[in-house]
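Visitor: Please take me through this model term by term, and set each value against the definition behind it.

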Amino acid sequence: MALEDNGSDDYTQDGTVDLKGNPVRRSKRGGWTACSFVVVYEVFERMAFHGISSNLVLYLTKKLHQGTVTSANNVTNWVGTVWMTPILGAYVADAHLGRYWTFVIASAIYFVGMSVLTLSVSIPGLKPPHCVDPNVENCKKASTIQLAVFYGALYTLAVGTGGTKPNISTIGADQFDDFELKEKVHKFSFFNWWVFSIFFGTLFANTILVYIQDNVGWTLGYGLPTVGLAISILIFLAGTPFYRHKVPTGSPFTRMARVLVAAVRKWRLPLPADPKELYELDFEEYTKKGKFRIDSTPTLRFLNKACVKTGSTNPWMLCSVTQVEETKQMLRMIPIWVATFVPSTMIAQVSTLFVKQGTLLNRNIGSFKIPPASLSAFVTISMLVCIVSYDRVFVPIMRKLTKNPRGITLLQRMGVGIVLHITIMTVASLTEMHRLNVAKDHGVVENGKPVPLSIFILLPQFVLMGSADAFLEVAKIEFFYDQAPENMKSLGTSYAMTSLGIGSFISSFVLSTVSRVTKRHGHHGWILNNLNASHLDYYYAFFAILNFLNLIFFIVMAKFYVYKAEVSDSMVILRESLGGTTNRIVDQEAIRTE
């Protein structure tokens, strides 16, 4: 389908409709006007979410009296669940309710969870009595009912985010039509500015809210995020008249399962020499439903057997070429998805062990005491600076050199982020080694008192984490959205979300395993409740090595990855405008194998 850039047809060409299913005009809906509501929503929602997650490890330690490993694992298990539930939300959106209604219903569940969580930290009977003993093992533990209410609220919140997270960014990206040149260009910047905007909410949470929680009280500290979430939902609903919507196209899991089953059932049949002999619907069948037809590709050729005609029309025996290619696109992304697990494990350290380190350092600036979790604000600040620099300086320069509208490919951008993760854990290991040496020199190893070093010695690892996120996390969201089939965008976006969830679960598993294994045969152990007597430096060094091995795996997988073909010729036009080849046929082939 040709890309419209002359304004002669005001209707969108990408199949978007209004809530009643009517075609929409570009001048009336979508674009940055609609995105402004989505982006402002995310600012408040991020404030709410990070207002809970940033300081959660300290609430579990100080108020629920849990040890280092237990509290860290409870945080990462919950965060893991938060980032795994989006695959369910993506399924419901793509298969049944559509992104808008899935988001609205999930937001209501999210708000209920936040409200109950606020009550659980506010009502005296729902939390154990205050304890001043530095050894949490001597403090009274929370009762079963108290834990049930607290964790019930946390995991209700997690279910709600499962419906909001994979759909809100996808709703935003859906506001730009790939078949209109200017809107295609705007979509390139959308994910950068999306992340830039949402981290304003994170910055507020990591500074103001964590200070309130540490110095004023948890009731107000959790109450404000709950109010913020209510405001964010109202803002999103206010933008309803301006949104464009994609129609749900049925279960993506069922469509993919049919391809796999059909290919296996016909595994002995030969493939025809001419791909045109494979089963495919007429072009008109797709256009009248606002869908896109995809040509057959030679990759993962075994799946093409699902399209071999045998006389049967059973959907579990015969699939169209487009259906097979959609399945291929989702499967091709899996190795890249796996390569993001280790960096996601590193991100889990920011809200757990990095924060715990900060509690054992000098946090005073005059009479002001810095909340340990507030250092996460430097992750945000670093990320914001890097994203703006990347979008406004780096991309224009690289466009001239590479003729790529994005400056560099999405996988190259992700690779830079993975390299930075190696640097982060190396720096963190060396910093912790220095902290432990100072602890020995000042005799605070056994009593677990703060080390006479400024909390700002941790600053480099927080700043570098923000830089890594600007490359890896932004590119990851855009990559999985961009490379997913047009009818499976929510599912594609959930790949980015679930990688964070799996990373959090890996963090819990590794932390528990290392803690247990290093205590065998009478050894002291690397991770104890008293971090001054622990060896987090060894633990971080292990992570640096793990990141290096993951980089090698990523490079190999990226080398063999084949980018999907564009559904419109927008990338061709953009390349030509940047001085690329005028041979459109050659350029289209370059896009396929980019």
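Visitor: What covers the buried residues of α8?

Guide: The cover includes α4 (86–122), α10 (321–332) and α17 (489–517), where a contact means heavy atoms within 4.5 Å. The model is a predicted one, in which local features need pLDDT of at least 70 and side-chain atom pairs count only at pLDDT 80 or more, while totals for chains, interfaces and linings use all residues. Residues are numbered from 1 along each chain as its sequence is written, and side-chain values use heavy atoms, with hydrogens and water left out.

Visitor: Which residues of α8 are buried, and what puts them on the same side of the helix?

Guide: They are P252, R255, M256, V259, A262 and A263, where buried means under 20% relative accessible area, exposed means over 50%, and partly exposed lies in between, for a 1.4 Å probe and protein chains only. Around the axis of α8 these residues cover an arc of only 130 degrees, which places them on the same side; the arc is taken from the directions that lead from the helix axis to the C-beta atoms.

Visitor: How do you know that the length of α8 is close to what is expected?

Guide: Helices are DSSP runs of H or I with at least four residues, strands are E runs of at least two, and both are numbered from the N terminus. The expected span is 1.5 Å times one less than the number of residues, and α8 (residues 252–265), with 14 residues, reaches 20 Å between its first and last C-alpha, close to the expected 20 Å.

Visitor: Why is α10 described as largely enclosed by the rest of the structure?

Guide: Of its 12 residues, 11 are buried, so the description follows from the count. Among the buried residues are V321, T322, Q323, E326 and R332. The span of α10 agrees with expectation as well, since its end C-alpha atoms are 16 Å apart and its 12 residues should span 16 Å.

Visitor: What makes E325 and K328 a salt bridge?

Guide: A salt bridge requires a side-chain nitrogen of Lys or Arg within 4 Å of a carboxyl oxygen of Asp or Glu, and the closest N and O atoms of E325 and K328 are 3.0 Å apart. Both residues lie in α10, 3 residues apart, or about one turn of the helix. E325, at 1% relative accessibility, counts as buried, and K328, at 0%, does too.

Visitor: Which parts does the salt bridge of E478 and R406 tie together?

Guide: The closest N and O atoms of E478 and R406 are 2.9 Å apart. E478 belongs to helix α16 (residues 459–483) and R406 to the loop between α14 (376–402) and α15 (410–441), so the pair joins parts that are 72 residues apart in sequence. Both E478 and R406 are buried. E486 and K489 form another salt bridge, with closest N and O atoms 3.6 Å apart, and these two residues are likewise buried. D94, R99, D174 and K246 are linked in a network of such bridges, and the search of the whole structure finds 14 in total.

Visitor: In the loop between α9 and α10, is N304 buried or exposed?

Guide: N304 lies in that loop and has a relative accessible area of 5%, so N304 is buried. Beyond residues up to four places away in sequence, N304 touches several residues, including V324, E325 and K328. R301 lies in the loop between α9 (283–287) and α10 as well, yet at 48% relative accessibility R301 counts as partly exposed.

Visitor: Where is pLDDT below 50?

Guide: pLDDT is the predictor's confidence in each residue, from 0 to 100; the chain mean is 85, and 92% of residues reach 70 or more. Over residues 1–8 the value is below 50, and this stretch has 22 contacts in the model beyond near neighbours in sequence. Residues 580–594 also stay under 50, with 26 contacts beyond four places in sequence. Where pLDDT is low, the predicted coordinates should not be read in detail.
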